[in-house]
Amino acid sequence: MERVYNEDSMKSLGILGGVRAKPASIGLEGNNHTFLEILANSIDEARAGYGRIIRVYKNVDASVTIRDYGRGVPMGMNSEGEYVYDKVFNELWAGGKYDNNEEGGGSYEDSLGTNGVGATGTNYTSDFLTVYSFKPEGTYFVRYEKGIEVEGSYNFTKQKNDDDTIGTEITWRPSSECFRGKGEIDDEYIETTLADQSIVNGGLKFIFENEKTGEVKEFYYENGIADYINSITSEEHRLTNVIHFNTERKGRDNEEDKDYKIKANIYFSFNRETSFNRYYHNTSWLANGGTPEDFIKNSFTFIVDKFLKEQNLYNKNEKKVSFDDIADSLVIVTSTFSTISLFTDQTKKEMRSDFMKKEITAWMREQLSIYFVENPNEAKLILQQVLVNKRSREKAEKTRLDVKKKLSGTVNNITARVDGLVTCTSKDPKKTELYIVEGKSALGSTQQGRDAMYQAIIAIRGKVLNCLKADYSTIFKSEIITDLVKVIGCGIEVKSKHNKELNTFDINNLKWSKIIITTDADVDGYHIRTLVLTMIKVLMPTLIEQGYVYIAESPLFEITTKKDESFFAYTDKEKDEIVARLGSQVESIQRSKGLGENTAEMMWQTTMNPETRRLIKVTSMDEVETQNAFDLFLGDNLAGRKEYIEENLHKYLDDPLD
């Protein structure tokens, strides 16, 4: 049936209906956003000097309450005979912050929101919204349901409120009808927002009481950003203390515009380990960046490059630093303000100002230059660290390309391209097993003694590199290691900040249900086993954590009887027990000479038959203890290793001395 389209097709939702149908039309990007809109008013009061605590409640009905101790939102009648509460909560583009740029600063010199749509927009898109305003002369109250004032709800109770009571309490629940079925504000969003605001509003305490979970959390930094930066950096890695620059300027973006004021507070420190940046404007986190990000990148890159050149620290023909090289060791938080709204939209995630960009960039260059000149020791540490970051990044990029090239070839179970690899028939990673054996001599006996359907073998050729004492570029020059990584199939795990692009790990690409390290039961065999385990721990630790790595125990003795039966002992104690049990039936006791000399039948029975073999699953019960053990035995802790040998050598001698 054809739809009719004529004059009668035109409908009007009205302002309230339009906002409820399309909250994004006034900049409300979701139900969570309403929380920031109401919280912003309480923060603006605190920034104006009224109230140092803001309480937030998540109620059992999923509504949210924000209680501040400011001056109380005006709700009475103005000089024109209009009830002000109706302008605040029921009229778009009405508010008390439009005169911020006037002489004297208006009601708020710098506020989180000035568009006059937040409170009304929240009201229009909520199932209900209630307001208490505790003024010195009494308490005002009003209730709205789906944006419409409940008849008879507005009232004023004339009573004296003491100073500790004065403030505003607003409770609302976003309507799922307006936000695609989602009404409840996320706990995580509330906590993240309060954490952010505590950083840029030093001395302002936020208390969040979640009545649904019973949890109470406080967010507070006495000295704001400076305390926050110190909290996320360790003292042992700091190159500088927290540095603070601040300025105030006045100007305009275009000749035809009116002058407005800006403030900039820049806090930063350099360190060897942590990198972090966060930009705020009028206390709103600029998730999408904007002008502050621009002037920080510009000024830091310019000044660091300038001093590197002046001090001849670049190598010949070396490329100049990038901001990424600086940011690797920079923790920076900026908090800017303006007396007019510079946000690009109602979400307040980005701001732009040509005037601010030009002024603050020039000012920042000057301040940084002065700091470097007046603090030569810190400047030297910063410049050296930036060059380390730069050269590490360049080396990591070259290594990444080399590794990508070396590991680009794939190995399937039918057509192997890796020397020393004997594949199996099955491709089912839930059943297949990879045996890593010691040398081509062991390859022969294991190949003959295996189950060719499910068991593949790769023979290690030559010495395995100690991955704990080598960088990535050295590690992947080793064909043994690159071949093992290819055959295992799941890629490598890299978490260091300069080499994170090397990370290719995906457990879903693992080709095997078990990776079984199989070496001779002697000193050389134990050494090779340890080096293979180290390689897996460094490059693929998840395989150990998730229980894919095993050690095959090799027998130390073969005991034959006069009836030509064979018994295998894995320890001296087992050998003695078997001999005692067999008694006079024992024909011979032969010590194992190595996997390469075992018969196929013996290999199957002792090492490869799932019914009779002995496997040790390699686990990491305590990550710190495990790492310490690797560092002690294979790392650079020579003094610790010497001390351990002196104290424990007697435990490993065949004939310990008293």
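Modeller: What follows is a walk through the ring pairs, then the charges over rings, and then the salt bridges.

Before we start, please keep in mind that this is a predicted model, in which local features need pLDDT of at least 70 and side-chain atom pairs count only at pLDDT 80 or more, while totals for chains, interfaces and linings use all residues. Residues are numbered from 1 along each chain as its sequence is written, and side-chain values use heavy atoms, with hydrogens and water left out.

Let us begin with the rings. A pair of aromatic rings is described by the distance of the centres and the angle of the planes. Rings of Phe, Tyr and Trp (its six-membered ring) pair if their centres lie within 6.5 Å; planes under 30 degrees apart count as stacked, over 60 as edge-to-face and the rest as tilted. The structure holds 18 aromatic pairs. One of them joins Y132 and F134: the ring planes are at 5 degrees and the centres 6.0 Å apart, so this pair is stacked. Y132 is partly exposed at 30% relative accessibility, whereas F134 is buried at 14% (buried means under 20% relative accessible area, exposed over 50%, and partly exposed in between, with a 1.4 Å probe and protein chains only).

Now turn to F245 and F268. Here the ring centres are 5.5 Å apart and the planes at 70 degrees, so the pair is edge-to-face. F245 belongs to strand β10 (residues 243–251) and F268 to strand β11 (residues 260–270), so the pair ties together parts that are 23 residues apart in sequence. Helices (H or I, at least four residues) and strands (E, at least two) are DSSP runs, numbered from the N terminus. F245 and F268 are both buried.

W363 leads us to helix α9 (residues 354–374), where the buried residues include W363, F355, M364 and F372. Helix α9 has 21 residues and reaches 30 Å from its first C-alpha to its last, close to the 30 Å expected (1.5 Å times one less than its number of residues).

Rings also meet charges. A charge sits over a ring if NZ of Lys or CZ of Arg is within 6 Å of the ring centre and within 35 degrees of the ring normal. The charged end of K205 does this with Y220, 5.4 Å from the ring centre, and that of R278 with W285, 4.1 Å from the ring centre.

Finally, opposite charges pair up in salt bridges (a side-chain nitrogen of Lys or Arg within 4 Å of a carboxyl oxygen of Asp or Glu). The structure holds 35 of these. In the bridge between E45 and R71, the closest N and O atoms are 2.6 Å apart. This pair links distant parts of the chain, 26 residues apart: E45 is in helix α2 (residues 33–47), and R71 is in the loop between β2 (64–68) and α3 (84–90). E45 is buried at 8% relative accessibility, while R71 is partly exposed at 32%. K182 and D186 also form a salt bridge, at 3.0 Å from N to O; K182 is partly exposed at 38%, and D186 is partly exposed at 30%. Salt bridges with shared partners also join K58, E184, D187 and K212 into one network.
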